[in-house]
Amino acid sequence: MATMESDLGGPADLSEDEQRAVEAQLLRLADDELVQAERYTFWQVRAPTLESDLSISNNAQDELGHARLWYDAVQQLGYSEESLIYESDPSDFQHSTLVELPFAEGDWADAIVRAYLYDVAEDIRLSALEDSSYEIIRNRTSRIQGEEGYHLEHAESWLDRMALDEEASERVQAAIDELYPYALTLFEPVGDVEADIDRLGIRTMTLDEMRTEWETRVESFLTELGFDVPTDAAPATPAGRDNEHTDHWHDLHDEMTASYRNLGRDEATLIMAADDE
């Protein structure tokens with residue numbers, strides 16, 4: 001269990017090593033949420049019911065809002081939104097490859113299993129950030145947790161329903177087998193900075209501790225519903241945390257930044273700026 005040495009203060013108080021560790025944690029948070037939000041938009045007007053269409057659209061909006069909160073925290077360290085998103089090379093991003101995979105055409109089970117695996121990990125990660133030594137992370141974590149709780153409830157509710165239908169259960173099982181190794185990449189390290197993240201108390205659980213809790217929770221819930229969990233799986237490659245991604249991400253990044261490029265923008269337009277804390 002990582003322990004907090006002392007409060008790191010604000011952006012201006014950080015040493016070079018402290019800023020590097022804070023940046024690594026913030027970018028992991030921001031990149032995951034941004035790409036997850038972009039992928040969720042696939043299901044708008046494609047979800048099986050109006051209720052589920054609205055739910056996943058709301059989830060996408062929430063994730064985008066969370067990404068903006070984390071990117072804004074990075075900007076306070078001397079970066080711009082343009083440099084972090086629209087003018088970055090795809091290989092600059094550190095998100096897990098789980099969130100960049102395209103959804104199987106028309107397979108709602110893919111969306112629900114992916115959301116469940118991600119949202120359990122996000123619940124654990126946010127818990128590990130509640131007492132972060134970096135005040136800005138602490139404050140923003142508390143604002144995000146409520147919305148993420150609804151996301152997890154939505155995924156669990158759908159899995160409960162799909163477990164009662166034979167055909168749907170088969171699709172869920174296929175999605176679990178396919179996506180579980182990619183979900184493990186959520187707990188892969190970002191370069192050699194992990195020891196500093198733990199030592200400085202930027203989070204209060206190590207990656208190994210978070211992965212162990214995630215595996216326990218996922219296996220318990222899914223096996224109770226009658227699904228098999230590939231507990232012997234290894235993390236997929238590429239993992240994403242090492243800036244190596246699948247070709248799917250390069251295509252998605254092109255789509256995501258197309259309007260910015262085609263309109264000849266040199267700055268991102270903000271409707272509302274995020275709070276300082």
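I began with patches: they are made of residues with over 30% relative accessible area and no salt bridge, with like charges joined within 9 Å and nonpolar side chains (Val, Leu, Ile, Met, Phe, Trp, Tyr) within 5 Å. A salt bridge is a Lys or Arg side-chain nitrogen within 4 Å of a carboxyl oxygen of Asp or Glu.

The model is predicted: local features need pLDDT of at least 70, side-chain atom pairs count only at pLDDT 80 or more, and totals for chains, interfaces and linings use all residues. Residues are numbered from 1 along each chain as its sequence is written, and side-chain values use heavy atoms, with hydrogens and water left out.

I looked up the surface charge. Asp-247, Asp-251, Asp-254 and Glu-255 form a negative patch there. Asp-251 sits in helix α9; helices are DSSP runs (H or I, at least four residues), numbered from the N terminus. Asp-251 is partly exposed, at 47% relative accessible area. Buried is under 20%, exposed over 50%, partly exposed in between (1.4 Å probe, protein chains only).

Next I read the loop between α8 (207-224) and α9 (247-262), where Pro-238 is found. The peptide bond from Thr-237 to Pro-238 is cis, with omega near -5 degrees. Asn-243 lies in the loop between α8 and α9 too. Its phi is positive, about 70 degrees, though it is not a glycine. Most residues other than glycine have a negative phi, and most peptide bonds are trans.

Of its 84 residues, Leu-26, Tyr-71, Tyr-116, Tyr-134, Trp-214 and Leu-222 touch the most other members. Helix α4 gives the most to this core, 13 residues.

Key:
Helix = DSSP H or I, 4+ residues; strand = E, 2+ residues; numbered from the N terminus. Areas by Shrake-Rupley, 256 points an atom, 1.4 Å probe, with all protein chains shown as cover. Lys, Arg positive; Asp, Glu negative; His and termini not counted. Charge placed at Lys NZ, Arg CZ, Asp CG, Glu CD. Core = buried A, V, L, I, M, F, W, Y, C linked by side-chain atoms within 4.5 Å.
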